[in-house]
Amino acid sequence: MPSQQYTTQQIAQLFPEINEIKNTTLRDQVAAVWNESITTGCGGRGWSFDELRTVKFTLLAGDIDLTFVDHIRSCAQQCIAIADILQNIFGKSTIPINRDYLIAGSLLADVGKPLEYDKDPNGNIIKGHYGEMLRHPFSGVAMAYKHNIPEQVMHIIATHSHEGDKVNRSIESIIFHHADFVDFDIAKFLGRSS
């Protein structure tokens, strides 16, 4: 296991949106979860920042130019914009959104993917054995729990994909779920076109 430990400021180099989390404790907890994911992923070998920046957003869309890191940033920015629009139009009392939880959840929803992904002997990114056993919402919640992430944020991680289709999503989870699938559906479209 790599001995590198990334600080919140270093994680912000990958995901600058982490600085939008006003609660510094939550911001540091989100960074700690990412630190664990990055340093223990890829079959236990860990990932470098440069490697993570080249990982495709999804293995389900073919060879597209959308990357994993850009997808996380896109979703975080979409969530911030959607929350702002909803509250500007309907009012904060009509649509109560915990902005810190929304941003934290958007940054952590796919935190399990570095564990899910591995490299084959040729260096190609594949779904590894860990990914065959556990999808990223499960490993993401497990890591978040270890780092005392609030249950409202773990709810977003747990419910963001089809695993959440059988539960009542929170407002923050609804927002993230749709932002996530905007990117995913566009990625699938682009993959069909390539």
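Tutor: Start with one term: contact means heavy atoms within 4.5 Å. Packing in this model, which is predicted, is read with that cut-off.

Student: Take helix H8. What do the buried residues of H8 pack against?

Tutor: They pack against H2, helix H6 (113–116), helix H7 (129–133) and H9.

Student: Which residues of H8 are buried?

Tutor: Buried means under 20% relative accessible area. In H8 that gives His-136, Pro-137, Ser-139, Gly-140, Met-143 and Ala-144. Around the axis they cover an arc of only 165 degrees, so they sit on the same side of H8. Tyr-145 and Lys-146 are exposed on the other side of H8.

Student: Zoom in on one residue. Where is Ser-139 placed, and is Ser-139 buried or exposed?

Tutor: Ser-139 belongs to helix H8, residues 136–146. Its relative accessibility is 2%, so Ser-139 counts as buried. Leave aside neighbours within four places in sequence, and Ser-139 is in contact with Gly-112, Leu-115 and Tyr-130.

Student: What follows H8?

Tutor: Asn-148 does, and its phi is positive, near 60 degrees.

Student: Now the core. How should I read it?

Tutor: General idea first. In soluble globular proteins, nonpolar side chains tend to be buried together. Here, the largest nonpolar core has 36 residues.

Student: Which residues of the largest nonpolar core touch the most other members?

Tutor: Ile-11, Val-30, Trp-34, Ile-38, Leu-107, Leu-108 and Ile-149. H2 gives the largest share, 6 residues.

Student: What is Trp-34 in contact with, leaving aside its neighbours within four places in sequence?

Tutor: Its partners are Ile-11, Phe-15, Phe-68, Ile-72, Leu-107, Leu-108, Asp-110, Val-111 and Pro-114. There is also a second, separate core of 11 residues. Its members include Cys-75, Ile-95, Phe-176 and Ala-179.

Student: How do I see parts of the chain that are apart in sequence but meet in space?

Tutor: Compare sequence separation with C-alpha distance. Ile-103 and Ile-21 are a case: 82 residues apart in sequence, 6.6 Å apart in space, C-alpha to C-alpha.

Student: Where is Ile-103 found, and what is its relative accessible area?

Tutor: Ile-103 is found in helix H5. Its relative accessible area is 0%, so Ile-103 is buried. Beyond neighbours within four places in sequence, Ile-103 is in contact with Glu-17, Glu-20, Ile-21 and Ile-80.

Student: On to charges. How many salt bridges does a search of the whole structure find?

Tutor: The search finds 9. The cut-off is a side-chain nitrogen of Lys or Arg within 4 Å of a carboxyl oxygen of Asp or Glu. One of the bridges joins Asp-84 and Arg-99, at 2.6 Å from N to O. Asp-84 is in helix H4 and Arg-99 in helix H5, so the pair ties together parts 15 residues apart in sequence. Asp-84 is at 30% relative accessibility and counts as partly exposed. Arg-99 is at 28% and also counts as partly exposed.

Student: Which side chain meets Arg-135 in a salt bridge?

Tutor: Glu-163 does, at 2.5 Å from N to O. This pair links distant parts of the chain, 28 residues apart. Arg-135 is in the loop between H7 and H8; Glu-163 is in the loop between H9 and helix H10 (171–193). At 25% relative accessibility, Arg-135 counts as partly exposed.

Student: Last, the surface. Which residues make the nonpolar surface patch of about 410 Å²?

Tutor: Leu-66, Val-182, Ile-186, Phe-189 and Leu-190 make it. A patch residue needs over 30% relative accessible area. Leu-66 has 32% relative accessibility and counts as partly exposed. Leu-66 is in the loop between helix H3 (49–54) and helix H4 (68–90).

Technical notes:
Residues are numbered from 1 along each chain as its sequence is written. This is a predicted model: local features need pLDDT of at least 70, side-chain atom pairs count only at pLDDT 80 or more; totals for chains, interfaces and linings use all residues. Side-chain values use heavy atoms; hydrogens and water are left out. Helices (H or I, at least four residues) and strands (E, at least two) are DSSP runs, numbered from the N terminus. Buried means under 20% relative accessible area, exposed over 50%, partly exposed in between (1.4 Å probe, protein chains only). Patches are made of residues with over 30% relative accessible area and no salt bridge: like charges are joined within 9 Å, nonpolar side chains (Val, Leu, Ile, Met, Phe, Trp, Tyr) within 5 Å. Accessible areas come from the Shrake-Rupley method with a 1.4 Å probe; for residues, only the protein chains shown count as cover. A nonpolar core is a set of buried Ala, Val, Leu, Ile, Met, Phe, Trp, Tyr and Cys residues joined through side-chain atoms within 4.5 Å. The arc is that of the directions from the helix axis to the C-beta atoms.
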